[in-house]
Amino acid sequence: MPQTEDIAPSYPIPRAAGCPLDPPPLLGELRERRAVSRVTLWDGRTAWLVSRHEEVRQALRDPRLSADVRHPSYPFFSQGQVATRTMLESFLRMDPPEHDRHRRMLTAEFRAARVEAMRPGVQKTVDRLLDEMVAAGPPADFVTAFALPLPSLVICRLLGVPYADHGFFQRCSAVAFDRESTAEEIRASREELTDYLARLVASKAERPTDDLISRLVVDQEATGNLTRRQVVNLGLLLLVAGHETTANMTALSVLSLLRHPGQLALLRGRPELIPGAVEELLRLHSVAHNGLPRVAVEDVEIGGTTIPAGDPVLLSLTAANHDPRAYDDPGRLDVQRTARAHVAFGFGVHQCIGQPLARLELRVALATVLRRLPQLRLVDESLGNLGFRHSMTVFGLHNLPVAW
Ligand code: HEM
């Protein structure tokens, strides 16, 4: 009889029924047994799961773990992802030096001062969305009225994508990043999204305007640094990464604060705590909940386990951010905790390039919502009545009914 700890559980591991906000209990058990465990992927292959904070950070810095999606043993989460792997090609899924060359083309766009200059625009958008929500409600669905349109509007403005098309690209990305979608559904929606971006890039090439996609066309494509297809893939990556993640973090943050009135009151009384609270909420929710996919290109020793060259590896940000070795009582929301060194944005060469923008949006959104809606409350206290995004690449909420 095999020991329970020798059986590699199916991955991703489901959350416990009734506790959709907590990490899956089995994930914590695996982490407490050893720093590196074996898990079984949807296609029956096994992968190595790294789950402790120190080891995840070590792995994210290790150049022997490749993020290159073209590697034959790259770990995908569904047949649909395999079928559309070439559409994922962007620097997120490349290794240095190719990765660094592409990433450098964007660093100026996300530099702290450049992002800070976006603050008045972000504040205006936040105020307008809240005005509209208040005028139409209560009640309101906080996701569709605020959490989703805010980052969509911001990223559309930055990239030069017409916001009027948001319904279309949000629908396509919802299908493309759901592991329950069929391969055919994923292929069709990825193709639609790619065609849409290709048409947009073509129009920018003809008539460049003051936006990021036009700058890529003029400064990088026209000078031979990027192909047209690479510009399209970059636009796609930024469009999707720029709104799904921040939208879900915004909704989860408001949900958590409404469920912790003491913490909410503390923030209302001391808004200077909001930047620290945002880090704590990023840590607590770790919306990139499936973990980061990598492949060992050489034998790599992590936490006493040797991962052989060629094996798929998953780095669990959720398990690392809930590691009691790094954070006391990690499941507790503590807005005064200094959630130092959390890995919600990853770490190492692929660490999120959009994090200054995500932080700006989350800080402005939370500060304004708490100040303007002192009576904000959940329509229904029961988590069971909310739609959680269990099967999506980015964890979060489909809806969040609120009143005030
Ligand atoms: C709360 C919001 C966000 C979270 C939690 C988040 C999370 C992450 C994580 C975990 C990674 C690392 C992936 C890996 O190593 O495989 C990443 C990379 C990336 N993110 Fe974000 N992200 C957020 C917001 C944004 C925004 C607003 C943008 C763009 C405007 C963005 C664009 C990117 C890009 C382009 C990469 C690839 C970086 C590279 O490979 O060098 N993200 N993000």
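Predicted model: local features only at pLDDT ≥ 70, side-chain atom pairs only at ≥ 80, totals over all residues.
Ala67 sits in a loop. That loop runs between β3 (65-66) and α3 (79-83). Ala67 is buried, because its relative accessible area is 1%, and buried means under 20%.

What does Ala67 touch, leaving aside its neighbours within four places in sequence? Its contacts are Tyr74, Leu92, Arg93, Met94, Asp95, Pro293, Arg294 and His350. Asn399 makes another reference point for Ala67. The two are 332 residues apart in sequence. In space, their C-alpha atoms are 32 Å apart.

## Two cis peptide bonds

Look next at Pro96 and Pro97. The peptide bond from Pro96 to Pro97 is cis, and its omega is near 5°. Pro97 belongs to the loop between α3 and α4 (98-107).

Now turn to Pro138 and Pro139. Here, too, the peptide bond is cis, with omega near 0°. Pro139 is in the loop that lies between α6 (119-136) and β4 (140-141).

## Two positive phi angles

Ser286 is not a glycine, yet its phi is positive, near 35°. Its loop lies between α14 (274-285) and β5 (292-296). Is Ser286 buried or exposed? Ser286 has a relative accessible area of 2%, so it counts as buried.

Ala341 is also a residue other than glycine with a positive phi, near 60°. Find Ala341 in the loop between α15 (317-321) and α16 (355-372). Ala341 is partly exposed, because its relative accessible area is 34%, and that class lies between the 20% and 50% cut-offs.

Conventions. Residues numbered from 1 in each chain as written. Heavy atoms only, no water. Helix = DSSP H or I, 4+ residues; strand = E, 2+ residues; numbered from the N terminus. Buried < 20%, exposed > 50% of the residue type's maximum accessible area, 1.4 Å probe, protein only. Contact = heavy atoms within 4.5 Å.
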